[in-house]
Amino acid sequence: MIVVIDTNVWISALQFGKHRGTPARALETAISEDVIATCDELDAEIVRILTEKFSREQHRATSALQAILARGIRVKIRGTVKVSRDPNDHMFQECAALAKADFLVAGDKDLLTLGTYKKTRIVTPSEYL
């Protein structure tokens with residue numbers, strides 16, 4: 001299956017993963033069992049949050065993300081999707097649509113209330129597991 005993971009799940013998994021919470025387990029499942037789809041904008045947001053809010057070194061955050069996504073799918077979004085109430089969520093929906101993702105794993109209420117976008121189911125980390 002193909003899965004897109006929203007930023008808050010990524011950050012929870014990467015920053016607090018040693019506690020083996022649900023986001024960390026969801027990311028581990030995506031890495032080991034599925035294919036993660038991403039785009040430059042999503043990657044940049046993850047790295048920005050890790051460096052600005054959690055004082056990670058940029059090159060280490062980038063390297064870690066690239067290692068995780070080595071066998072993933074990369075798409076190029078165009079900014080054409082405007083479905084969610086929150087404009088910051090549009091990139092996740094567009095990435096999922098272009099990658100033909102089965103799941104968009106999110107902790108974001110605006111995304112979760114949609115339930116689906118095109119053929120992508122929008123689920124919480126626990127629903128994904």
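**Burial and contacts in a predicted model**

Modeller: In helix 5, the buried residues are His-90, Met-91, Phe-92, Gln-93, Glu-94, Cys-95, Ala-96 and Ala-99. The model is predicted.

Biologist: What makes helix 5 mostly covered?

Modeller: A residue counts as buried under 20% relative accessible area. Eight of the 10 residues of helix 5, which runs over residues 90-99, are buried, and the helix is mostly covered.

Biologist: Why is Thr-7 called buried?

Modeller: The cut-off for buried is under 20% relative accessible area. Thr-7 has 5% relative accessibility, so Thr-7 counts as buried. Thr-7 lies in helix 1, residues 7-16.

Biologist: Which residues does Thr-7 touch, leaving aside those up to four places away in sequence?

Modeller: Thr-7 touches Glu-45, Ile-46, Ile-49 and Phe-92. Of these, Phe-92 is one of the buried residues of helix 5.

Biologist: Why is Leu-129 called partly exposed?

Modeller: Partly exposed lies between the buried limit, under 20%, and the exposed limit, over 50%. Leu-129 has 42% relative accessibility, so Leu-129 counts as partly exposed.

Biologist: Where is Leu-129, and what does Leu-129 touch?

Modeller: Leu-129 sits in the segment after helix 7 (125-128). Not counting residues up to four places away in sequence, Leu-129 touches Thr-22, Arg-25, Ala-26 and Thr-29. Between the C-alpha atoms of Leu-129 and Cys-95, which are 34 residues apart along the chain, the separation is 21 Å.

Biologist: How do you know whether the radius of gyration of the chain agrees or disagrees with that of a compact globule?

Modeller: The globule rule is 2.2 Å times the number of residues to the power 0.38. For 129 residues, a compact globule would have a radius of gyration near 14 Å; the chain has 13 Å, so the two agree. The C-alpha trace spans about 35 × 30 × 25 Å along its principal axes.

Biologist: What share of the 129 residues counts as buried?

Modeller: The buried share is 45%.

Biologist: Among contacts between residues at least 6 apart in sequence, how many join residues at least 24 apart?

Modeller: The share is 61%. The chain has seven helices and six strands, in the order β-α-α-β-α-α-β-α-β-α-β-β-α from the N terminus.

Biologist: How many charged side chains are there, and how far apart are the centres of the two sets?

Modeller: There are 18 positive and 17 negative side chains, with centres 1 Å apart.

Notes:
Residues numbered from 1 in each chain as written. Predicted model: local features only at pLDDT ≥ 70, side-chain atom pairs only at ≥ 80, totals over all residues. Heavy atoms only, no water. Helix = DSSP H or I, 4+ residues; strand = E, 2+ residues; numbered from the N terminus. Buried < 20%, exposed > 50% of the residue type's maximum accessible area, 1.4 Å probe, protein only. Contact = heavy atoms within 4.5 Å. Lys, Arg positive; Asp, Glu negative; His and termini not counted. Charge placed at Lys NZ, Arg CZ, Asp CG, Glu CD.
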